[in-house]
Amino acid sequence: GVGQDITEMRRLMEQEALLFQAQAANDAKSQFLATMSHEMRTPLNVIMGMNELVLDTVLSAEQRKFAEQIRASSESLLILINDILDLTKIEAGKLELVSVDFDLRSVMEETVDSVASKALLKGLEVCSYLNPN
């Protein structure tokens, strides 16, 4: 009889199977992230909407500050969720880039405000400085 070494063919078949499994796992991860992102947006939009209703009422200065921190934090969370959705779009080759103007000073102030109260509880002070130029 004639014998043939199939070691290389077997190795290639194993690599192909591993590649298929890795792609299936990546597809499942992307689908999970997209689904979870959409599922998180619904309650977050309710929180944001209810908070806007609260902001439309008469509030003490402290209550207004808290509600504005809720607004800023929920907007940050929404951006994070949208970034996760963008990641799944990047992986699917469907991302469209958009240029958006923003106020850097305002973003920095909101960011510092969002962590300042927790830092204060730990005995820390959070400050930022942005050169006016």
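The side chains of Glu8 and Arg11 meet in a salt bridge, with N to O at 2.5 Å; a salt bridge here is a side-chain nitrogen of Lys or Arg within 4 Å of a carboxyl oxygen of Asp or Glu. The structure holds 2 salt bridges. This is a predicted model, in which local features need pLDDT of at least 70 and side-chain atom pairs count only at pLDDT 80 or more, while totals for chains, interfaces and linings use all residues. Residues are numbered from 1 along each chain as its sequence is written, and side-chain values use heavy atoms, with hydrogens and water left out.

**Salt bridges**

- Glu8 and Arg11 both lie in helix α1, 3 residues apart, about one turn of the helix. Helices are DSSP runs (H or I, at least four residues), numbered from the N terminus.
- Glu8 has 44% relative accessibility and so counts as partly exposed. Arg11, at 37%, also counts as partly exposed. The classes are buried (under 20% relative accessible area), exposed (over 50%) and partly exposed (in between), with a 1.4 Å probe and protein chains only.
- Glu52 forms a salt bridge with Arg71, and the closest N and O atoms are 2.8 Å apart. This pair links distant parts of the chain, with Glu52 in helix α1 and Arg71 in helix α2 (residues 61-92), 19 residues apart.
- Glu52 is partly exposed at a relative accessible area of 32%, and Arg71 counts as partly exposed at 29%.
- In general, side chains of opposite charge can pair when their charged atoms come close.

**Surface patch**

- Ile6, Met9 and Met13 form a nonpolar patch on the surface, with about 310 Å² of accessible area together. Met9 belongs to helix α1 (residues 7-55).
- Patches are made of residues with over 30% relative accessible area and no salt bridge; like charges are joined within 9 Å, and nonpolar side chains (Val, Leu, Ile, Met, Phe, Trp, Tyr) within 5 Å.
- Accessible areas come from the Shrake-Rupley method with a 1.4 Å probe, and for residues only the protein chains shown count as cover.

**Helix α1**

- The end C-alpha atoms of α1 are 70 Å apart, which agrees with the 72 Å that its 49 residues should span at 1.5 Å a residue. The expected span is 1.5 Å times one less than the number of residues.
- The buried residues of α1 are Ser30, Ala34, Ser37, Leu44, Met48, Asn51 and Leu55. What covers them includes α2.
- Ser30, in helix α1, is buried, with a relative accessible area of 13%. Leaving aside neighbours within four places in sequence, Ser30 is in contact with Thr88 and Glu91; contact means heavy atoms within 4.5 Å.

**Helix α2**

- α2 has 32 residues and reaches 46 Å from its first C-alpha to its last, close to the 46 Å expected at 1.5 Å a residue.
- Ala67, Ala72, Ser74, Leu78, Ile81, Leu85 and Thr88 are the buried residues of α2. Their cover includes α1 and α3 (104-121).
- Gly93 follows α2 and has a positive phi, near 70 degrees.

- Leu78 counts as buried at 18% relative accessibility. Not counting residues up to four places away in sequence, Leu78 touches Arg41, Leu44, Asn45 and Met48. Leu78 and Met48 are 30 residues apart in sequence and 9.6 Å apart in space, C-alpha to C-alpha.
- Leu85 is buried, with a relative accessible area of 8%. Its contacts are Ala34, Ser37, His38 and Arg41, not counting residues up to four places away in sequence. From Leu85 to His38 the C-alpha distance is 8.2 Å, and the two are 47 residues apart in sequence.
- Thr88 counts as buried at 12% relative accessibility. Leaving aside neighbours within four places in sequence, Thr88 is in contact with Ser30, Leu33 and Ala34.
- A polar atom of the Thr88 side chain lies 2.6 Å from the backbone oxygen of Leu85.

Technical notes. Helices (H or I, at least four residues) and strands (E, at least two) are DSSP runs, numbered from the N terminus. A polar contact is a pair of N or O atoms within 3.5 Å; within protein, one must be able to donate a hydrogen and the other to accept it, and residues adjacent in sequence count only if both atoms are side-chain atoms.
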